[in-house]
Amino acid sequence: RIFWEENEIPSEGDRNFITKEVDGVLENLAEIDTEIDKYAKGWSTNRMSKVDLAILRLAVYEIKYSEETPNSVA
């Protein structure tokens, strides 16, 4: 909600894409964090910076669950 209030209004297509990605991460959050913890050597999601964690979560979501984003892009 804050993003939409503080930035210029994106196109409907962009807004739908962003919302779908965020909702997808939230729906699969436990599995995504388990996957990150599995491969992060010496780190856990509890110790990661919020920005780094958000980027990793989105990338894992796009690789594992999104059909729209090619893995090489994620």
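The model is predicted, so local features need pLDDT of at least 70 and side-chain atom pairs count only at pLDDT 80 or more, while totals for chains, interfaces and linings use all residues. Residues are numbered from 1 along each chain as its sequence is written, and side-chain values use heavy atoms, with hydrogens and water left out.

**Fold**
- The protein chain has four helices and zero strands, in the order α-α-α-α along the sequence.
- Helices (H or I, at least four residues) and strands (E, at least two) are DSSP runs, numbered from the N terminus.
- Taken along the principal axes, the C-alpha atoms fill a box of roughly 40 × 25 × 20 Å.

**Packing of α3 with α4**
- Helix α3 (residues 29-39) packs on α4 at an angle of about 105 degrees, with the axes 10 Å apart; axes are lines fitted to C-alpha atoms, for helices over the stretch in contact, and angles run from 0 to 180 degrees between N-to-C directions.
- α3 and α4 are therefore roughly perpendicular (angles under 35 degrees count as roughly parallel, over 145 as roughly antiparallel, 65 to 115 as roughly perpendicular and the rest as oblique).
- Leu29, Ile32, Asp33, Glu35 and Ile36 of α3 meet Leu53, Leu56, Arg57, Val60, Tyr61 and Lys64 of α4, where contact means heavy atoms within 4.5 Å.
- By class, this contact of α3 with α4 has seven nonpolar, no polar and four charged residues.
- Ala, Val, Leu, Ile, Met, Phe, Trp, Tyr, Cys and Pro count as nonpolar, Asp, Glu, Lys and Arg as charged, and the others, Gly among them, as polar.

**Packing of α2 with α4**
- The axes of α2 and α4 cross at roughly 95 degrees and come within 9 Å, which makes α2 roughly perpendicular to α4.
- On the α2 side, Phe17, Lys20, Glu21, Gly24 and Val25 meet Arg57, Leu58, Tyr61 and Glu62 in α4.
- The contact of α2 with α4 divides into four nonpolar, one polar and four charged residues.

**Largest pocket**
- The largest pocket has a volume of about 200 Å³.
- A pocket is an open set of points on a 1 Å grid over the protein atoms alone, where a 1.4 Å probe fits, with protein on both sides within 12 Å along at least five of seven lines; lining residues have an atom within 4 Å of a point.
- Grid points are joined across faces, edges and corners, and the volume is the space filled by probe spheres set on the points.
- α2 (12-27) and α4 (50-64) each supply at least two lining residues, and α2 gives the most, with six.
- The lining includes Phe17, Glu21, Val25, Arg57, Leu58 and Glu62.
- By class, the lining has eight nonpolar, no polar and four charged residues.

**Salt bridges**
- The count is three salt bridges (a side-chain nitrogen of Lys or Arg within 4 Å of a carboxyl oxygen of Asp or Glu).
- One of them joins Glu68 to Lys20, with the closest N and O atoms 2.5 Å apart.
- Glu68 lies in the segment after α4 and Lys20 in helix α2, so the pair ties together parts that are 48 residues apart in sequence.
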